[in-house]
Amino acid sequence: QVQLVESGGGLVQPGGSLRLSCAASGNIFNINAMGWYRQAPGKQREFVATSTNGGHTNYADSVKGRFTISRDNAKNTVDLQMHNLKPEDTAVYYCNAVGVNHDLAYYDSWGQGTQVTVSS
């Protein structure tokens, strides 16, 4: 089993910044990609950003130029630096990791989520 633990959420004013972190542990042989998703009240979970092996990154259009995803492959961690936050960024942010475990089985794991609230 692969566990993901997020940290760094909180309350911030519009225009402010926050940094989210996520650490993966457990039965990990490799991690093919780590990313962030978010779910606002009354809405479906949506893609925010992902980082694949080789350093390829992808962002939702709504966060391009404001959010930056970074991975530390040696530590199995992924961070999301968020700048110029807007009220519409308010959501629970979830970390995701996909890869193969030591039993050579595919996994697609999620963290418990961390709340980000952007409000004055």
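1. Start at the hairpin of S9 and S10, which has five residues between its strands; there, leucine 104 takes a positive phi near 60 degrees. A strand here is a DSSP run of E with at least two residues, numbered from the N terminus. Leucine 104 lies in the loop between S9 and strand S10 (106–110), and it has that positive phi without being a glycine. Is leucine 104 buried or exposed? It is exposed, at a relative accessible area of 65%. For the cut-offs: buried means under 20% relative accessible area, exposed means over 50%, and partly exposed is in between (1.4 Å probe, protein chains only).

2. Before you go on, keep in mind that this is a predicted model: local features need pLDDT of at least 70, side-chain atom pairs count only at pLDDT 80 or more, and totals for chains, interfaces and linings use all residues. Residues are numbered from 1 along each chain as its sequence is written, and side-chain values use heavy atoms, with hydrogens and water left out.

3. S9 and S10 run antiparallel and are joined by five bridges; two strands count as paired if DSSP finds at least two bridges between them. S10 has an uncovered face with Tyr106, Asp108 and Trp110, while Tyr107 and Ser109 make up the covered face. In a regular strand, side chains alternate between the two faces of the sheet.

4. Now for another positive phi. Asparagine 84 isn't a glycine either, yet its phi is about 50 degrees. You'll find asparagine 84 in the loop between S8 and strand S9 (91–100). With a relative accessible area of 42%, asparagine 84 is partly exposed.

5. Next, the open sheet. Its four strands come in the order S1-S3-S8-S7, with antiparallel pairing. Which strands stand at the edges? They are S1 (2–7) and S7 (67–72); each has a single partner strand, so one side of each is left without a neighbour in the sheet. On average, neighbouring strands of this sheet are turned by 15 degrees against each other, direction ignored. S7 pairs with S8 (residues 77–82) in the antiparallel sense over six bridges, and valine 78 in S8 is the bridge partner of arginine 71.

6. What does threonine 50 touch, leaving aside its neighbours within four places in sequence? Its contacts (heavy atoms within 4.5 Å) are Ala33, Met34, Gly35, His56, Thr57, Asn58 and Ile69. The side chain of threonine 50 also reaches the backbone oxygen of methionine 34 at 3.3 Å.

7. Finally, the whole chain. There are 11 strands and zero helices. The radius of gyration (taken over C-alpha atoms) is 14 Å, close to the 14 Å from the globule rule (2.2 Å times the number of residues to the power 0.38) for 120 residues, so the chain is as compact as a globular protein of that length. Along its principal axes the C-alpha trace spans about 50 × 25 × 20 Å. Of the 120 residues, 42% count as buried. Among contacts with a separation of 6 or more, 55% are between residues 24 or more positions apart.

Definitions and conventions. Axes fitted to C-alpha atoms, helices over the stretch in contact; angles between N-to-C directions. Polar contact = N/O pair within 3.5 Å; in protein donor to acceptor, adjacent residues only side chain to side chain.
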